[in-house]
Amino acid sequence: MKKLFALFLGLFAVYSLATADNDKPIRVSELPTKAQLFLTTHFKDKKVALAKVENDLLDKTYDVVFTDGEKLEFDKAGEWKEVECKTSGVPASIVPAAILQYVKEHYDGQRILSIERDRKDTEIRLSNGLEIKFDKKNRVIDID
(Lines give C-alpha, C1' and ligand atoms only; values in the text may rest on other atoms or scores of the structure.)
Protein backbone atom coordinates (compact mmCIF):
# COMPACT_ATOMS: atom_id res chain seq x y z
CA MET A 1 0.00 0.00 0.00
CA LYS A 2 2.83 2.42 0.85
CA LYS A 3 4.54 1.63 -2.46
CA LEU A 4 1.35 2.31 -4.39
CA PHE A 5 0.88 5.62 -2.60
CA ALA A 6 4.51 6.59 -3.25
CA LEU A 7 4.13 5.67 -6.92
CA PHE A 8 0.95 7.74 -7.22
CA LEU A 9 2.61 10.68 -5.48
CA GLY A 10 5.62 10.43 -7.80
CA LEU A 11 3.45 10.34 -10.92
CA PHE A 12 1.46 13.31 -9.67
CA ALA A 13 4.67 15.27 -9.08
CA VAL A 14 5.98 14.49 -12.57
CA TYR A 15 2.64 15.47 -14.12
CA SER A 16 2.58 18.70 -12.12
CA LEU A 17 6.05 19.66 -13.29
CA ALA A 18 5.24 18.81 -16.89
CA THR A 19 2.07 20.90 -17.01
CA ALA A 20 3.09 23.77 -14.73
CA ASP A 21 3.66 27.18 -16.29
CA ASN A 22 2.27 26.07 -19.62
CA ASP A 23 1.74 29.49 -21.26
CA LYS A 24 0.83 29.70 -24.93
CA PRO A 25 0.33 32.86 -26.99
CA ILE A 26 -3.02 32.99 -28.78
CA ARG A 27 -4.95 35.34 -31.05
CA VAL A 28 -7.61 37.57 -29.49
CA SER A 29 -10.16 35.66 -31.57
CA GLU A 30 -9.22 32.52 -29.60
CA LEU A 31 -10.31 34.03 -26.28
CA PRO A 32 -13.67 32.87 -24.90
CA THR A 33 -16.59 34.83 -26.37
CA LYS A 34 -17.32 36.60 -23.04
CA ALA A 35 -13.72 37.83 -22.87
CA GLN A 36 -13.85 39.11 -26.45
CA LEU A 37 -17.10 40.95 -25.70
CA PHE A 38 -15.55 42.43 -22.53
CA LEU A 39 -12.61 43.75 -24.59
CA THR A 40 -14.81 45.34 -27.25
CA THR A 41 -17.16 46.84 -24.65
CA HIS A 42 -14.67 48.30 -22.18
CA PHE A 43 -11.36 48.52 -24.04
CA LYS A 44 -12.31 49.06 -27.69
CA ASP A 45 -9.69 51.80 -28.20
CA LYS A 46 -6.80 49.75 -26.76
CA LYS A 47 -4.34 47.79 -28.86
CA VAL A 48 -3.55 44.26 -27.68
CA ALA A 49 0.16 43.47 -27.45
CA LEU A 50 -0.25 39.89 -26.21
CA ALA A 51 -2.99 37.40 -25.49
CA LYS A 52 -2.12 34.07 -23.93
CA VAL A 53 -3.68 31.04 -22.33
CA GLU A 54 -2.22 29.52 -19.17
CA ASN A 55 -2.97 25.87 -18.53
CA ASP A 56 -2.34 25.06 -14.90
CA LEU A 57 -2.82 21.70 -13.27
CA LEU A 58 -6.53 22.15 -12.53
CA ASP A 59 -7.42 25.43 -14.20
CA LYS A 60 -7.12 27.52 -17.34
CA THR A 61 -6.80 31.30 -17.44
CA TYR A 62 -6.42 33.85 -20.20
CA ASP A 63 -4.27 36.97 -19.99
CA VAL A 64 -4.40 40.03 -22.22
CA VAL A 65 -1.72 42.72 -22.17
CA PHE A 66 -2.23 46.02 -23.99
CA THR A 67 0.55 48.06 -25.62
CA ASP A 68 0.36 50.62 -22.78
CA GLY A 69 1.07 47.88 -20.21
CA GLU A 70 -2.45 47.51 -18.84
CA LYS A 71 -3.46 43.89 -18.13
CA LEU A 72 -6.58 41.75 -17.92
CA GLU A 73 -7.06 38.22 -16.64
CA PHE A 74 -10.03 35.98 -17.44
CA ASP A 75 -11.12 32.58 -16.15
CA LYS A 76 -11.78 29.61 -18.42
CA ALA A 77 -15.35 30.82 -19.11
CA GLY A 78 -14.19 34.29 -20.12
CA GLU A 79 -15.30 36.08 -16.94
CA TRP A 80 -12.84 38.76 -15.84
CA LYS A 81 -10.80 37.98 -12.72
CA GLU A 82 -8.44 40.92 -12.64
CA VAL A 83 -8.15 44.29 -14.38
CA GLU A 84 -5.01 46.37 -13.93
CA CYS A 85 -4.99 49.87 -15.44
CA LYS A 86 -2.06 51.80 -13.99
CA THR A 87 -2.22 54.68 -16.46
CA SER A 88 -5.89 55.30 -17.16
CA GLY A 89 -7.64 53.75 -14.18
CA VAL A 90 -10.17 50.91 -14.28
CA PRO A 91 -13.27 51.80 -16.33
CA ALA A 92 -16.15 52.67 -13.99
CA SER A 93 -18.44 50.39 -16.01
CA ILE A 94 -16.53 47.37 -14.61
CA VAL A 95 -16.66 48.35 -10.94
CA PRO A 96 -19.78 47.48 -8.91
CA ALA A 97 -21.83 50.61 -8.12
CA ALA A 98 -21.56 50.11 -4.34
CA ILE A 99 -17.76 50.06 -4.56
CA LEU A 100 -17.70 53.17 -6.75
CA GLN A 101 -19.94 54.93 -4.26
CA TYR A 102 -17.72 53.92 -1.33
CA VAL A 103 -14.60 55.23 -3.08
CA LYS A 104 -16.34 58.49 -3.98
CA GLU A 105 -17.54 59.03 -0.40
CA HIS A 106 -14.30 58.10 1.39
CA TYR A 107 -11.52 58.67 -1.15
CA ASP A 108 -12.87 61.30 -3.53
CA GLY A 109 -10.41 62.13 -6.27
CA GLN A 110 -8.64 58.76 -6.11
CA ARG A 111 -8.68 56.49 -9.15
CA ILE A 112 -9.12 52.74 -9.00
CA LEU A 113 -5.96 51.33 -10.61
CA SER A 114 -6.80 47.65 -10.27
CA ILE A 115 -9.68 45.41 -9.34
CA GLU A 116 -9.52 41.69 -8.63
CA ARG A 117 -12.36 39.37 -7.80
CA ASP A 118 -12.76 35.75 -6.81
CA ARG A 119 -15.51 33.64 -5.28
CA LYS A 120 -15.22 35.24 -1.86
CA ASP A 121 -14.34 38.89 -2.33
CA THR A 122 -13.31 41.83 -4.50
CA GLU A 123 -10.16 43.83 -3.93
CA ILE A 124 -9.30 47.24 -5.39
CA ARG A 125 -6.10 49.29 -5.35
CA LEU A 126 -6.40 53.07 -5.38
CA SER A 127 -4.03 55.65 -6.85
CA ASN A 128 -2.96 56.62 -3.29
CA GLY A 129 -1.68 53.06 -2.74
CA LEU A 130 -4.50 51.83 -0.50
CA GLU A 131 -5.89 48.35 -1.07
CA ILE A 132 -9.50 47.83 -0.03
CA LYS A 133 -11.17 44.43 0.17
CA PHE A 134 -14.95 43.98 -0.10
CA ASP A 135 -17.08 40.91 0.63
CA LYS A 136 -19.63 39.50 -1.82
CA LYS A 137 -22.18 42.10 -0.71
CA ASN A 138 -19.64 44.86 -1.44
CA ARG A 139 -19.09 45.70 2.23
CA VAL A 140 -15.57 46.71 3.31
CA ILE A 141 -13.79 43.91 5.13
CA ASP A 142 -10.16 45.08 5.06
CA ILE A 143 -8.02 48.12 4.22
CA ASP A 144 -4.23 47.94 3.73
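Analyst: Happy to. The chain has 3 helices and 9 strands, where helices (H or I, at least four residues) and strands (E, at least two) are DSSP runs numbered from the N terminus. Read from the N terminus, the order is α-β-α-β-β-β-β-α-β-β-β-β. Please keep in mind that this is a predicted model: local features need pLDDT of at least 70, side-chain atom pairs count only at pLDDT 80 or more, and totals for chains, interfaces and linings use all residues. Residues are numbered from 1 along each chain as its sequence is written, and side-chain values use heavy atoms, with hydrogens and water left out.

Now to the pocket. Rolling a probe the size of a water molecule over the atoms shows where empty space is left. On a 1 Å grid over the protein atoms alone, a pocket is an open set of points where a 1.4 Å probe fits, with protein on both sides within 12 Å along at least five of seven lines; lining residues have an atom within 4 Å of a point. The largest pocket has a volume of about 290 Å³, meaning the space filled by probe spheres set on the points, which are joined across faces, edges and corners.

Its lining consists of Asp 59, Thr 61, Asp 75, Lys 76, Trp 80, Lys 81, Arg 117, Asp 118, Arg 119 and Lys 136. By class, that is 8 charged, 1 polar and 1 nonpolar; Ala, Val, Leu, Ile, Met, Phe, Trp, Tyr, Cys and Pro count as nonpolar, Asp, Glu, Lys and Arg as charged, and the others, Gly among them, as polar.

Thr 61 sits in strand β3 (residues 60–66). With a relative accessibility of 4%, Thr 61 is classed as buried; buried means under 20% relative accessible area, exposed over 50% and partly exposed in between (1.4 Å probe, protein chains only). Beyond its neighbours within four places in sequence, Thr 61 contacts (heavy atoms within 4.5 Å) Lys 52, Val 53, Glu 54, Glu 73, Phe 74 and Lys 81.

Arg 119 belongs to the loop between β6 (112–117) and β7 (121–126). Its relative accessibility is 78%, so Arg 119 counts as exposed.

If you follow the chain to Asn 138, you reach the loop between β8 (131–135) and β9 (140–143). Asn 138 is partly exposed, at 24% relative accessible area, and its phi is near 60 degrees, a positive value in a residue other than glycine. Asn 138 is also one of the contacts of Ile 99, along with Thr 122, Ile 124 and Phe 134, when residues up to four places away in sequence are not counted. Ile 99 lies in helix α3 (residues 97–106) and is buried, at 0% relative accessibility.

Ile 124 leads on to the largest nonpolar core: Leu 72, Val 83 and Ile 124 touch the most other members of its 29 residues. Such a core is a set of buried Ala, Val, Leu, Ile, Met, Phe, Trp, Tyr and Cys residues joined through side-chain atoms within 4.5 Å. Setting aside residues up to four places away in sequence, Val 83 touches Phe 38, Phe 43, Lys 71, Leu 72, Val 90, Ile 94, Leu 113, Ser 114 and Ile 115. Over the whole chain of 144 residues, 32% are buried.

One last stop is helix α2 (residues 33–42), which holds Lys 34. Lys 34 is partly exposed, at 47% relative accessibility, and touches Ala 77, Gly 78 and Glu 79, leaving out residues up to four places away in sequence. Between Lys 34 and Gly 78 there are 4.9 Å, C-alpha to C-alpha, although they are 44 residues apart in sequence. Gln 36 also lies in helix α2; its C-alpha atom is separated from that of Gly 78 by 8.0 Å.
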